[in-house]
Amino acid sequence: MLKHQLIHPKINEVLGRAGHHSTILIADGNYPASTKRGPNSELVSLNLSPGLVTVTQVLRALLSAVPIDEINPMGIPPDDPYAQKGEPPVWDEYRKV
């Protein structure tokens with residue numbers, strides 16, 4: 001019986017096989033997973049509908065299931081137009097979680 005909030009069978013399977021210091025990438029649909037993921041990575045899609053499921057919701061569920069050593073949000077290159085606006089608002093959500 002699971003005693004945490006994460007009930008997705010594939011994610012639980014992948015986490016069960018993961019070892020210490022494994023890396024989990026939580027990304028939205030804009031991440032180029034077809035070209036940027038490593039040969040030993042496993043892709044688990046949660047695309048249900050736009051805005052469902054959010055990255056923050058996934059983070060919260062993962063934190064209920066496994067200990068996390070550190071969280072590293074993806075950086076924004078200084079010359080990117082979005083960098084001029086400061087940190088993405090979602091980073092504040094991550095800190096609260």
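Is glutamate 42 buried, partly exposed or exposed? Glutamate 42 is partly exposed, with a relative accessible area of 36%, where buried means under 20% relative accessible area, exposed means over 50%, and partly exposed lies in between (1.4 Å probe, protein chains only). This is a predicted model, in which local features need pLDDT of at least 70 and side-chain atom pairs count only at pLDDT 80 or more, while totals for chains, interfaces and linings use all residues. Residues are numbered from 1 along each chain as its sequence is written, and side-chain values use heavy atoms, with hydrogens and water left out.

**The nonpolar core**

- The largest nonpolar core consists of six residues, namely Leu6, Ile11, Leu15, Val58, Ala61 and Leu62; such a core is a set of buried Ala, Val, Leu, Ile, Met, Phe, Trp, Tyr and Cys residues joined through side-chain atoms within 4.5 Å.
- Two or more residues of this core come from each of helix H1 (9-17) and helix H3 (55-65), where helices (H or I, at least four residues) and strands (E, at least two) are DSSP runs numbered from the N terminus.
- The largest share of this core, three residues, is given by H3.
- Leucine 6 touches Ile11, Asn12, Leu15, Ala61, Leu62, Ser64 and Ala65, not counting residues up to four places away in sequence, and contact here means heavy atoms within 4.5 Å.
- In soluble globular proteins, nonpolar side chains tend to be buried together.

**Salt bridges**

- The structure holds six salt bridges, each defined as a side-chain nitrogen of Lys or Arg within 4 Å of a carboxyl oxygen of Asp or Glu.
- Lysine 10 pairs with glutamate 42 in a salt bridge whose closest N and O atoms are 2.8 Å apart.
- This pair links distant parts of the chain, since lysine 10 lies in helix H1 and glutamate 42 in the loop between helix H2 (33-36) and H3, 32 residues apart.
- Glutamate 13 forms a salt bridge with arginine 17, with the closest N and O atoms 2.6 Å apart, and both residues lie in helix H1, four residues apart, about one turn of the helix.

- Glutamate 13 is partly exposed at 38% relative accessibility, whereas arginine 17 is exposed, with a relative accessible area of 51%.
- Glutamate 42 also meets arginine 17 in a salt bridge (2.6 Å, N to O), a pair that again links distant parts of the chain, 25 residues apart.
- Through salt bridges that share partners, Lys10, Glu13, Arg17 and Glu42 are joined into one network.
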